[in-house]
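Please look through the following model before reading the points below. They are arranged so that each may be compared with the sequence and the three-dimensional view.

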Amino acid sequence: MGLTGLFLIMFLAVHCFLNSFIFFDKTGELFNVGAHFMATNWLIRAMEVVLMLGLLLHIYQGLRLVFMNKAARPEKYAYHNGQANSTWYSRSMGLLGTLLLIFLIVHLSDFWTTSRFTGIPTVDANGHEDLYAQMKESFSNIYLVILYVLAMVSLAYHLLHGFASAFQTLGWNHNKYTPIIKAFGFWYSILIPLIFAAMPVYIYLGL
Amino acid sequence: MNITLKVWRQKNQNVKGNLVDYKVSGISPDMSFLEMFDVLNEDLINKGEEPIVFDHDCREGICGMCSMFINGRPHGPKEGITTCQLHMRSFKDGDTIVVEPWRAKAFPVIKDLVVDRTAFDRVIAAGGFISVNTGNAQDANNLPIPKPQADAAFEAAACIGCGACVATCKNASAMLFVSAKVSQLALLPQGQPERYMRVQNMVAQMDAEGFGNCTNTGACEVECPKGISLENIARMNRDYLNAKFIKEEQFK
């Protein structure tokens, strides 16, 4: 869980970095250059397979944990005051993860399947597939924008627990480094989803 | 003080239990929670009813015997104490208090509020010891141990095996208990020869007992009456991964 989680966390940084190109170029050509590189570089394509496997493994591990942990307490408490000693999101990782999975299905069918399988219909001025146009079209739908923003809230809470938790699972606990990991994890969990959530809003508002 | 209690009554492992309401009056705020139960039980005996069975022994917070899941938390609303150290002044006159046994597959209910915690004993028996004849006590400082190391081992050794960590964990995981028992030996020179075999055997036994997995919610650390730290769990994870991937320790 920890290893696959950290792997997916690293992916988020790369994804966020490349997508943030949309903020710096109104025509979207810069973003399309990035997308073209990601779509054609053989190393990236190989990593895409590893990423999918990592995601599936993360889901499998999560489901396994949920079922094992449910079995460990067959009879529930009549009253369990969970909020007295732990955060709600640390106790709801399965739920947050499920919301993220639902989002991912929508998200991948929106962009990933088009760019990989069905093909992007238009090309931009540089002759690159115009994924930016695809983005503009998708994010003109307010419901989709709302879904994306809510999904990023789920992601933020998922990461708020998951980031430091991954290190704890791997036993990487140290007087000096653990406070740094926790602080870095906190800001990472806020900033990355915030930047992601800003993208559909930015495009919808046509800023 | 007048208190309304909702107490879990269950005849034995095989029948279903349920919460039963009891009213207790004339409770002094200076009574411990267990003494309040003594008053209730005397009352029940006088009325010819079956008294409530609950675990208790030293009543001074060092034996780990008293359990009780009080108002949704093990050992009640205060932190760093056992149920015998919980006083009625922590509640208000007229309060309703829900009292349940520890709940986990590995801790089956024996009767009412008493659960079978021998799963912990079997985890200890799987490796929580050192297999040498210790002989007479050595001279002090014969074996130099750095002070922070000795302190950390001592803090881990404070675990009284009460099971509050399992009780409060949403996964009924015993990681805090097992990690304390692993750490108290892993930190000291005497524990080194069997260090990596021990962690594997104890974790294997923990899993075999049917405890859940750790998802790092940190609830156990908050509820532990002895303040056992999550650092112990990280240490155990580290030793376990080390044993599985790096060291070639045999394990039985």
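**Note on the model**

1. Chain A contains eight helices and zero strands. Helices here are DSSP runs of H or I with at least four residues, and strands are E runs of at least two, each kind being numbered from the N terminus. Read along the sequence, the pattern of chain A is therefore α-α-α-α-α-α-α-α.

2. This is a predicted model, in which local features need pLDDT of at least 70 and side-chain atom pairs count only at pLDDT 80 or more, while totals for chains, interfaces and linings use all residues. Residues are numbered from 1 along each chain as its sequence is written, and chains are lettered from A and ligands numbered from 1 in the order in which they are written.

3. The C-alpha trace of chain A spans about 60 × 35 × 30 Å along its principal axes. Of its 207 residues, 24% count as buried (20 or more other C-beta atoms within 10 Å of the residue's own; 12 or fewer is exposed, and in between is partly exposed; C-beta atoms are placed from the backbone). Among contacts in chain A between residues at least 6 apart in sequence, 76% join residues at least 24 apart; a contact requires C-beta atoms, placed from the backbone, within 7 Å.

4. Which residues of helix 6 of chain A are buried? In this helix, residues 131–138, they are Leu131(A), Tyr132(A) and Met135(A). They lie on the same side of helix 6 of chain A because they cover an arc of only 105° around the axis, the arc being that of the directions from the helix axis to the C-beta atoms. An α-helix has 3.6 residues a turn, so residues three or four places apart point the same way. The buried residues of helix 6 of chain A pack against helix 2 (29–40), helix 5 (93–118) and helix 8 (177–205) of chain A.

5. In chain B, Ile145(B) is found in the loop between helix 2 (118–125) and helix 3 (147–157). Ile145(B) is partly exposed, because 14 other C-beta atoms lie within 10 Å. Apart from neighbours within four places in sequence, Ile145(B) is in contact with Ala150(B), Leu188(B) and Pro189(B). The C-alpha atoms of Ile145(B) and Leu187(B) are separated by 9.3 Å, although the two are 42 residues apart along the chain.

6. The contact between the chains takes 33 residues from chain B and 26 residues from chain A. On the side of chain B that touches chain A, the elements giving two or more residues are strand 5 (96–100), helix 7 (219–223) and helix 8 (231–245) of chain B. Helix 8 of chain B gives the largest share of that side, seven residues.

Notes
Two residues are in contact if their C-beta atoms, placed from the backbone, lie within 7 Å.
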